[in-house]
Amino acid sequence: MAAVRARRGSSYRKLLVSSGLSNLADGVFQIALPLVTLGVTRDPAAFATVTVALRLPWLLFALPAGALADRLDRRRTMLLVDLARAAVIGGLALALATGTDTLWLLCAVALLLGIGETLFDTAAQSIVPSMVDADDLSRANGRLYAVELTMNQFVGPLLGGVVVGVTATGAVAGSAAAYLCAAVAIALIAGSFRPRRSGPPTRIREDVVEGVRYLFSHRLIRTMALLTGIANLTGTAMLTILPLYAVDPGPMGLSEAGFGVLLTAAAVGSLLGSFVAPVAERVLGRARSMLVAYLLFAVATLVPGLTHRAIPVGLAQALGGVGAICWNVITVSLRQRIAPDHLLGRVNAGY
């Protein structure tokens with residue numbers, strides 16, 4: 001038993017390293033891609049096409065990605081996706097170096113990366129219960145969120161901004177290299193992570209329907225999903241109009257740099273929340289922690305409409321970040337405990 005725990009702990013640590021490198025690559029690339037696109041076109045509609053291509057797979061491919069996560073070895077899926085992302089972004093770096101980058105190439109790269117993201121993220125969220133004990137899920141997910149936020153929202157964008165200021169090609173190539181290193185970390189994870197399935201072979205469509213049916217038939221998971229959807233809707237609506245409200249000549253009167261600091265407050269709160277969540281769950285209990293987390297997120301959404309002062313709004317955004325990540329850590333861990341392993345990928349994708 002001790003040997004099994006040691007092996008699972010080693011696998012989880014390698015997953016942490018892989019997640020850090022993958023999110024470093026994401027953070028660098030999210031800075032490089034818009035700047036590369038501006039070098040090709042400054043037409044607003046054309047520019048938006050690249051962004052849409054990057055996010056469209058979450059609308060069209062998320063549910064099939066969940067079905068594949070329940071069919072295939074999840075570690076192998078993550079490995080192949082990171083290798084593919086390294087190859088795709090490496091190809092873009094080559095196109096930039098040779099001056100052959102076009103809008104259609106950028107759209108194709110964004111679409112392929114979006115598809116890879118749906119496959120990778122669904123498999124990654126579904127593999128964690130195979131690496132840690134059920135009692136440690138909240139702490140394990142909290143650490144993963146901490147690594148993800150640090151690399152994706154702090155280190156990656158900062159590094160990307162510095163490198164892209166010197167050479168956009170170098171920033172894109174660096175992102176490809178980070179994905180390649182992440183693939184190496186995943187390759188070092190030993191064992192099989194393919195869910196056990198029983199019964200006759202099924203079609204992808206049947207698997208998707210089974211997963212969605214399970215999600216909506218389970219009262220607790222369905223309720224958490226609906227509450228998460230409402231929070232995402234209201235939070236996105238608030239963030240959409242926040243620049244008009246915050247940046248001069250808006251009522252808050254912030255400069256562009258000040259607005260950046262305001263957004264950083266939410267990121268700092270999110271990072272803090274990844275460490276607070278396991279402690280809050282242990283001290284307050286799961287239900288109370290979820291209630292407090294949701295209320296904190298509601299405060300962050302409401303405060304910008306109640307005051308024009310930057311400090312209260314910034315503090316509210318930081319508290320909202322704490323609440324959002326606490327909610328995510330606790331509900332993801334709860335979902336991982338409840339859903340059967342052979343359905344977990346589909347439940348995660350449908351959620």
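Q: Before anything else, what counts as a helix or a strand here?
A: Helices (H or I, at least four residues) and strands (E, at least two) are DSSP runs, and they are numbered from the N terminus.

Q: And what kind of model am I looking at?
A: This is a predicted model, in which local features need pLDDT of at least 70 and side-chain atom pairs count only at pLDDT 80 or more, while totals for chains, interfaces and linings use all residues. Residues are numbered from 1 along each chain as its sequence is written, and side-chain values use heavy atoms, with hydrogens and water left out.

Q: Okay, how many helices and strands does the chain have?
A: The chain has 13 helices and 0 strands, so its overall size can be judged next: the radius of gyration is 21 Å, close to the 20 Å that the globule rule gives for 351 residues, and the chain is therefore as compact as a globular protein of that length. The radius is taken over C-alpha atoms, and the globule rule is 2.2 Å times the number of residues to the power 0.38. Taken along the principal axes, the C-alpha atoms fill a box of roughly 60 × 50 × 40 Å.

Q: What share of the residues is buried?
A: Buried residues make up 44% of the 351 residues in the chain, where buried means under 20% relative accessible area, exposed means over 50%, and partly exposed lies in between (1.4 Å probe, protein chains only).

Q: Switching to charges, how many salt bridges are there?
A: The count comes to 12 salt bridges, each being a side-chain nitrogen of Lys or Arg within 4 Å of a carboxyl oxygen of Asp or Glu.

Q: Which residue does arginine 55 meet in a salt bridge?
A: Arginine 55 meets glutamate 117, at 3.3 Å from N to O. Because arginine 55 lies in helix 2 and glutamate 117 in helix 5, the pair ties together parts that are 62 residues apart in sequence. Arginine 55 itself is partly exposed, with a relative accessible area of 43%.

Q: What about aspartate 341, which side chain does that one meet?
A: Aspartate 341 meets arginine 74 in a salt bridge of 2.8 Å, N to O. The pair links distant parts of the chain, since aspartate 341 is in helix 13 (residues 341-350) and arginine 74 is in helix 4 (residues 74-98), 267 residues apart.

Q: Are those two buried or partly exposed?
A: They fall into two classes: aspartate 341 is partly exposed, with a relative accessible area of 32%, whereas arginine 74 is buried, at 1%.

Q: Where does arginine 346 come in, and which residue is its partner?
A: The side chain of arginine 346 meets that of aspartate 207 in a salt bridge (3.9 Å, N to O). Arginine 346 lies in helix 13 and aspartate 207 in helix 8 (residues 204-217), so this pair ties together parts that are 139 residues apart in sequence. Arginine 346 is buried, and aspartate 207 is buried too.

Q: Which residues are linked in a network of salt bridges?
A: The network links Asp70, Arg71, Arg74, Arg197, Asp207, Glu210, Asp341 and Arg346.

Q: And which charged residues sit over rings?
A: Arginine 85 lies over the face of phenylalanine 120, at 4.6 Å from the ring centre, and the charged end of arginine 335 sits over the ring of tyrosine 351, 3.8 Å from its centre. The rule asks for NZ of Lys or CZ of Arg within 6 Å of the ring centre and within 35 degrees of the ring normal.

Q: New topic: which residues make the nonpolar surface patch?
A: Val52, Leu56, Leu59, Leu60 and Leu111 make a patch of about 470 Å². Patches are made of residues with over 30% relative accessible area and no salt bridge, with like charges joined within 9 Å and nonpolar side chains (Val, Leu, Ile, Met, Phe, Trp, Tyr) within 5 Å. The areas come from the Shrake-Rupley method with a 1.4 Å probe, and for residues only the protein chains shown count as cover.

Q: Which helix gives the largest share of the patch?
A: Helix 2 (residues 44-60) gives the largest share, 4 residues. Leucine 111, by contrast, has its place in helix 5 (residues 103-127), and leucine 111 is partly exposed, with a relative accessible area of 36%.

Q: Last one: where is proline 249?
A: Proline 249 is found in the loop between helix 9 (219-246) and helix 10 (256-284). A cis peptide bond joins aspartate 248 and proline 249, with omega about 15 degrees.
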